[in-house]
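Subject: Structure handover and notes

Hi,

Here is the structure I promised to pass on. Have a look at it first, and then read my notes below.

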Amino acid sequence: MAQKALPIAAGVVVAAVASALLNRWLAQKAERRNPPLGRFITVDGVRLHYVDRGTGTPLVLLHGNGSMIEDFQSSGLIDLAAKNYRVIAIDRPGFGHSNRPRSTVWTPQAQADLIAAALKKIGVPRAIILGHSWGTLVALALAVKYPQEVQALVLASGYYYPTARADVVMLSPPAIPLIGDLLSHTISPLLSRLMWPLLLRKIFGPSPVPEKFKGFPEEMAVRPSQIRASAAESALMIPSAHTLEQQYPLLQMPVAIVAGAEDRLIESEQSSHLHRDIPHSTLRSVPGTGHMVHQTATGQIMSAIDLVASQNRKPVAVTSAA
């Protein structure tokens with residue numbers, strides 16, 4: 001048995017090494033084909049990539065898990081908003097062209113600290129913060145920890161309250177130390193490429209994937225480094241919502257909540273629940289739209305931005321319980 005097992009083990013090792021080398025080559029090729037759209041800033045040892053366009057009231061865009069600036073770029077939201085706002089779209093740590101040091105557990109609060117410091121460094125003292133999906137958790141953490149620096153919130157397709165989720169269990173393994181490194185450099189990128197069409201149908205459904213989304217670089221999203229970052233955020237999703245949920249009623253700045261009425265990834269009741277917990281908030285439930293509401297109903301997102309920008313109430317200081 002031992003003699004038979006040795007060739008099998010050797011074959012597995014050779015296959016793992018070969019797939020790791022292939023994935024490394026594909027990742028490097030993806031980065032060459034998709035150079036940075038904007039500029040870089042280093043904050044607390046973290047190199048962040050961001051786009052800064054337009055003039056006017058600052059509007060910060062925070063993408064969801066597994067995504068990057070190109071999501072907002074391909075949606076047309078950056079160009080549309082830049083007509084009236086100073087738009088700052090950020091690749092969150094580990095996504096796009098931003099790095100993600102392993103010395104930090106990148107909770108929404110940790111990302112909020114980093115982004116607040118970055119905005120201060122680039123001369124943005126106060127801004128409207130828009131978050132999509134996982135990015136809504138970071139936006140909320142910013143509003144809780146830095147209320148004087150957040151003029152208003154726009155929250156799209158967010159996950160706000162802890163629930164049992166099978167996808168968290170399925171997507172988290174690449175974040176496990178050692179085992180996760182092996183998976184994220186070998187099997188996971190190849191599986192992600194195969195599953196990409198299924199993922200798109202889930203996040204866009206019931207709407208078809210719009211033609212403009214072809215501008216999103218899939219090859220960047222399936223790099224080993226980004227897969228590991230995505231897995232870490234999947235693992236953090238439920239505890240992060242649990243940590244933040246008691247803070248929502250304390251928020252005093254204008255809040256616009258937008259959700260796809262037929263979201264197949266995060267149930268729209270999450271947004272309705274948040275609207276009840278923040279009495280002064282507004283809620284837009286967009287019929288016939290799924291999770292990627294900023295892509296399929298970009299005008300509704302723009303209207304929500306304009307709404308909170310027109311509400312000139314000054315935010316009241318909030319004491320964080322974190």
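Which kind of contact do the side chains of Arg-86 and Asp-52 make? They meet in a salt bridge, with 2.7 Å from N to O. Before I go on, please keep in mind that this is a predicted model.

**The chain as a whole**

The chain has 13 helices and eight strands. Of its 322 residues, 53% are buried. The chain exposes about 14,100 Å², and carbon and sulfur atoms supply 61% of that area. If you look at contacts between residues at least 6 apart in sequence, 80% of them join residues at least 24 apart.

**Salt bridges**

A search of the whole structure turns up nine salt bridges.

Arg-53 forms a salt bridge with Asp-79, and the closest N and O atoms are 3.6 Å apart. Arg-53 counts as partly exposed, at 27% relative accessibility. Asp-79 is partly exposed too, with a relative accessible area of 44%.

Next come Arg-92 and Glu-233, whose side chains meet in a salt bridge at 2.7 Å, N to O. This pair links distant parts of the chain, 141 residues apart: Arg-92 is in the loop between E4 and helix H4 (108–121), and Glu-233 is in helix H10 (residues 224–244). With a relative accessibility of 0%, Arg-92 counts as buried. Glu-233 has 0% relative accessibility and counts as buried as well. Arg-100 joins in here: Arg-92, Arg-100 and Glu-233 are linked in a network of salt bridges.

Leu-155 belongs to strand E6 (residues 150–156). It counts as buried, with 0% relative accessibility. Leaving aside residues up to four places away in sequence, Leu-155 touches several others, among them Gly-131, Leu-140, Tyr-160, Ile-257 and Leu-274. Leu-155 and His-132 are 23 residues apart in sequence, while their C-alpha atoms are 6.2 Å apart in space.

Leu-274, one of the residues that Leu-155 touches, is in helix H11 (residues 269–277), where Gln-270, Ser-271 and Leu-274 are buried. Seen down the axis of H11, the buried residues fall within an arc of 95 degrees, so they line one face of the helix. What covers them includes E6, strand E7 (255–260) and strand E8 (282–286).

**Aromatic pairs**

The structure holds five aromatic pairs. In one of them, the rings of Tyr-160 and Tyr-248 have their centres 6.4 Å apart and their planes at 85 degrees, so the pair is edge-to-face. Tyr-160 lies in the loop between E6 and helix H6 (166–171) and Tyr-248 in the loop between H10 and E7, so the pair ties together parts that are 88 residues apart in sequence. Tyr-160 and Tyr-248 are both buried.

Tyr-248 also pairs with Tyr-161, again edge-to-face, with 5.5 Å from centre to centre and 85 degrees between the planes. Here the two residues are 87 apart, with Tyr-161 in the loop between E6 and H6 and Tyr-248 in the loop between H10 and E7. Tyr-161 is buried, as is Tyr-248.

Elsewhere on my list, Trp-196, Phe-204, Phe-213 and Phe-216 form one aromatic cluster.

**A nonpolar patch**

On the surface, Ile-187, Leu-191, Leu-194 and Met-195 form a nonpolar patch, with about 420 Å² of accessible area together. Met-195 is in helix H8 (residues 187–204). At 47% relative accessibility, Met-195 counts as partly exposed.

Enjoy exploring it!

Best wishes

Notes. Residues are numbered from 1 along each chain as its sequence is written. This is a predicted model: local features need pLDDT of at least 70, side-chain atom pairs count only at pLDDT 80 or more; totals for chains, interfaces and linings use all residues. Side-chain values use heavy atoms; hydrogens and water are left out. A salt bridge is a side-chain nitrogen of Lys or Arg within 4 Å of a carboxyl oxygen of Asp or Glu. Buried means under 20% relative accessible area, exposed over 50%, partly exposed in between (1.4 Å probe, protein chains only). Helices (H or I, at least four residues) and strands (E, at least two) are DSSP runs, numbered from the N terminus. Contact means heavy atoms within 4.5 Å. The arc is that of the directions from the helix axis to the C-beta atoms. Patches are made of residues with over 30% relative accessible area and no salt bridge: like charges are joined within 9 Å, nonpolar side chains (Val, Leu, Ile, Met, Phe, Trp, Tyr) within 5 Å. Accessible areas come from the Shrake-Rupley method with a 1.4 Å probe; for residues, only the protein chains shown count as cover. Rings of Phe, Tyr and Trp (its six-membered ring) pair if their centres lie within 6.5 Å; planes under 30 degrees apart count as stacked, over 60 as edge-to-face and the rest as tilted.
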